[in-house]
Amino acid sequence: MVRVLSCLQPTGEIQLGNYLGAIRRWVQDQTPQSFHGVVDLHALTIPRDPAVLRAKTLETAQLLLAAGLDPNYTTIFVQSHVPEHPQMAWLLECTASLGELERMTQFKDKSAKTEGSFTSAGLLTYPTLMAADILLYDAELVPVGDDQRQHLELTRDVAQRFNSRYGTTFVIPRAGIAKVGARIMDLQEPTNKMSKSADSPQGTVKVLDEPKDIERKIKRAVTDTDGEVRFDPVTKPGVSNLLSILAATTGVADPASLAHNYQQYGPLKADTAAAVIEFLAPLQKRYHELSDDPGHVTQVLAAGAAKARTVASVVLARAKLNVGLLPG
Ligand code: AQP
């Protein structure tokens, strides 16, 4: 059984891309060797309202349960409940180079947005914390959306460097990227990926959006003026995004194969909206049921952290010993 680790930041309301690119696959492939974290420490790279962060952390965990992760089977935890994560991150921060971290696309994009105001050092070192998340669990497979490909490469490089400096310590993980739905684009700016924290309320479908809002957002999605339905993400990003969403939500392996069903954009939008609404309905129903019992989520997270620590503490001890820290 392959050991799997993949996490989600409580940085906003979970959007359709998070669900299609990551969460849905975690649910489909879950085993007792799967670990899924709500990575609240990552959310601190940008200043946040403490009460909102706490609420979003619980909400995100509740959403993972509603999506179908079974806590009796798989491990669901909050990152800050497992102190091995920041400890391991320091060892890896001292293994990654400044140049490597400065080259990360996400750092360049996010620091450009904060330019002129406050850019935290954490925004730069974030990928080493992510590497710690993965390496602490001896994870072989990390199912993520396409935007995390570069961070995964860095994790592999840092793990290999550590192993060659200090002896075999870490399992070298590989990224698991979906064939369809790995990069869902913003409906209003289809050359940008859909994102929880993007300032694009009309371009982002939240998984808990009301059906009428989902329909409105998809019907107003930006397309183009040539009027032909064709899958071509470079020259027709808006239309191709709709085809990808339709394929991913109806279980079709090849979005291009759907194009010939449509002569106009209107019916494509209508079918995509209906498919998304139907696809999200069971998740929304279960989420609202779970809201009646918030204590359940808290209990799941306490048990998950205890289970996560049994694995993470062993790997951290191994890394500390190999790097030359005196056992306490
Ligand atoms: N648009 C997307 N399409 C497919 N997959 C996506 N993911 C994110 N956006 C898309 C995948 O969702 C998982 C969890 O993401 P995250 O919370 O770790 O942060 P992120 O990748 O930075 O996602 P967001 O929504 O864009 O968050 P913010 O706005 O906070 O930066 C990952 O596997 C990711 O690949």
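This is a predicted model: local features need pLDDT of at least 70, side-chain atom pairs count only at pLDDT 80 or more; totals for chains, interfaces and linings use all residues.
Which elements do the buried residues of α3 pack against?

1. The ligand is surrounded by 24 residues, and the closest are Asp 147, Lys 193, Ser 195, Lys 196 and Ser 197.

2. For Ser 195, a polar side-chain atom lies 2.4 Å from a ligand oxygen, while for Lys 110 an N or O atom of the side chain is 2.7 Å from an oxygen atom of the ligand, and for Asn 18 a polar side-chain atom is found 3.2 Å from a ligand oxygen. Taken alone, the ligand would expose 640 Å², of which the protein buries 97%.

3. As to where the shell comes from, the elements that contribute two or more residues to it are β1 (4-8), α1 (16-28) and α5 (105-114). The largest share, four residues, is supplied by α1.

4. Turning to helix α3, which spans residues 84-93, the buried residues are Glu 84, His 85, Met 88, Ala 89, Leu 91 and Leu 92. When the helix is viewed down its axis, these buried residues fall within an arc of 160°, and they therefore line one face of α3.

5. The opening question can now be answered: the buried residues of α3 pack against the strand β3 (75-78) and against the helices α6 (121-135), α7 (149-166) and α11 (294-323).

Notes. Residues are numbered from 1 along each chain as its sequence is written. Side-chain values use heavy atoms; hydrogens and water are left out. A residue is near a molecule or strand if one of its heavy atoms lies within 4 Å of it. A polar contact is a pair of N or O atoms within 3.5 Å; within protein, one must be able to donate a hydrogen and the other to accept it, and residues adjacent in sequence count only if both atoms are side-chain atoms. Accessible areas come from the Shrake-Rupley method with a 1.4 Å probe; for residues, only the protein chains shown count as cover. Buried means under 20% relative accessible area, exposed over 50%, partly exposed in between (1.4 Å probe, protein chains only). The arc is that of the directions from the helix axis to the C-beta atoms. Contact means heavy atoms within 4.5 Å.
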